[in-house]
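Here are my notes on the model you sent over. Have a look at it first, then go through the points below.

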Amino acid sequence: MAYEYSEWLDQARQWAQHAQRQGWLSARQRATFDHTQLSPASHLNDASDEKPLVVAFMGGTGVGKSSLLNRLADQDIAQTGIRRPTSREVTLYHHQQLDSATLSAQLPTTEVVMACHQQHAFQQVVWLDMPDIDSIETQHRDMVWRWLPYIDVLLYVVSPERYRDDRGWRLLLQEGHKHAWLFVINHWDQGDASQRQAFAQQLIEAGFNEPLILATSCTAQVPDDFIQLGQTIQTLAKTQANQHIHQRNNQLRCHALRQCLIDSMTSIGDLALYRNVLKNWRQTWTTLTETLEQSYDWPLKKLAQSYAAHDRPPAADAELFWDQWAQSRFEDTLDQVLQTLTDQGLPTTPLKNRWQSKRSQIGVKMRDQLDLAARAALARPGYGWQRGLLKLLRFLEVTLPMGTMSWVGFQAYQGFYQSSLTQQNYLGLNFAIHAVLLISLSWLLPFFLHKKLQPSLEQSALRGLRLGLKQGLAQIAVELEQDINQMRKDHEALLLPAQALNDELSQAETTPDQTGNSDLLKTMLLPFIKT
């Protein structure tokens with residue numbers, strides 16, 4: 001599982017970096033994945049038969065850790081007495097038959113003082129005599145903290161008069177789920193049952209269900225639990241117990257990584273929340289559109305006059321296209337949508353980044369759209385029926401006078417022909433007057449109607465500008481809504497691999513113990529609370 005965990009951790013970090021680049025996670029949230037470090041002792045997780053059980057003696061100053069270690073080894077292997085509080089080193093004791101080269105490959109033995117013991121009962125046990133964790137020397141605590149990933153069993157030693165001094169072991173509780181715990185009240189010749197009960201209650205309040213507390217005395221011959229202590233350690237040194245401790249360690253690391261992943265997924269938000277965001281967006285944009293169309297009537301009329309008079313508005317009228325007031329209303333609308341995202345518990349940075357350029361480009365887009373619509377309207381002024389009627393009148397301006405003149409000519413020719421036969425006068429003054437009037441009317445009537453029905457350039461430009469305003473706002477609305485929909489798609493694409501990784505971690509976290517978890521070991525482990 002160690003190899004799988006390193007891959008999962010790498011996937012989680014890559015996912016977090018990708019999420020941060022897109023704005024879904026902050027740098028602080030992404031950094032939580034960096035803090036979920038791969039244990040420096042991860043290569044020990046195979047829990048093979050060659051790996052010994054690492055037992056660390058922890059506790060405050062003067063509780064008798066070294067004396068207890070000497071009694072377990074049945075020889076004086078650890079220093080005791082007044083030098084102890086000033087010791088700055090970790091001392092490692094192993095059985096003389098254990099290959100020191102193997103230990104050097106498994107443990108950072110370059111940082112410790114090594115010594116041997118001859119107690120055959122603990123041949124598969126490595127003892128660590130740790131610095132006093134309650135010492136004023138911060139180096140002691142730092143050294144203990146560096147060694148924690150390599151420790152299987154924390155043998156925490158207190159004394160009857162100092163068991164309430166919990167400063168040291170409460171620091172250890174931060175990593176305590178990864179270890180088995182043994183609690184020893186040393187100097188038991190100076191203690192009583194009430195102190196043992198009080199210590200047990202203190203541990204229960206810290207999270208232990210049924211803490212295993214053993215009483216020992218290394219300076220007086222009194223009944224104690226020393227033999228049980230030795231038997232307990234020997235039991236833990238067996239392969240199955242050893243493997244269980246490491247399997248549990250792996251499950252806890254998977255749990256921590258999964259919890260970090262769940263927290264990040266929660267901060268990203270739920271996909272279903274986008275329905276409310278889109279609904280709010282459409283309502284907000286409809287309100288903005290109505291406001292701009294009502295408020296922009298006068299500026300559009302000014303622009304229409306400029307188009308009719310100058311073909312293109314002068315530079316002084318350019319601000320009428322999109323002024324600071326309209327820009328403020330537009331930005332307020334975008335901010336309302338971003339606030340809706342915040343209210344729904346969704347990140348705003350991805351959409352804010354998409355909309356950043358649109359805030360500055362909206363004025364240019366609206367000016368271009370209005371100018372294009374005005375020019376298109378001026379290129380084809382008036383309504384469709386109006387342009388059709390004008391075409392008809394232009395046709396009649398030519399055909400009616402020609403038809404009238406043809407008829408007059410025909411009448412003149414016919415009159416001339418009749419006069420040559422009857423010797424009557426050729427036409428007359430009345431005919432001439434009527435012919436002139438008829439020809440004039442056939443030309444003037446369509447000409448007059450054409451002039452009167454000619455569409456107003458100002459009105460055409462105004463209609464074009466109003467249409468351009470509607471089209472420009474509609475086009476921007478489509479682009480902004482596409483950004484929201486794309487954000488939702490990116491959100492979904494981001495959650496899919498995270499959910500798949502979460503499922504894998506959940507399965508690894510809940511893998512049943514195949515190592516025969518004994519009742520004894522259960523009492524030595526802090527409850528593993530899964531979410």
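1. How many residues does helix H8 have, and what does it reach from its first C-alpha to its last? Helix H8 (residues 226-237) has twelve residues and reaches 17 Å, close to the expected 16 Å (1.5 Å times one less than its number of residues). Helices here are DSSP runs of H or I with at least four residues, strands are runs of E with at least two, and both are numbered from the N terminus.

2. Before going on, some ground rules. This is a predicted model, where local features need pLDDT of at least 70, side-chain atom pairs count only at pLDDT 80 or more, and totals for chains, interfaces and linings use all residues. Residues are numbered from 1 along each chain as its sequence is written, and side-chain values use heavy atoms, with hydrogens and water left out.

3. Back to H8: its buried residues are Phe 226, Leu 229, Gly 230, Thr 232, Ile 233, Leu 236 and Ala 237 (buried is under 20% relative accessible area, exposed over 50%, partly exposed in between; 1.4 Å probe, protein chains only). They line one face of the helix, because seen down the axis they fall within an arc of 160°, taken from the directions from the helix axis to the C-beta atoms.

4. Leu 229 also turns up among the contacts of Val 184 (heavy atoms within 4.5 Å), along with others including Leu 68, Leu 155 and Leu 214. Val 184 sits in strand S6 (residues 180-185) and counts as buried because its relative accessibility is 0%. Its C-alpha is 9.7 Å from that of Gly 59, 125 residues apart along the chain.

Key. Lists of a residue's contacts leave out its neighbours within four places in sequence.
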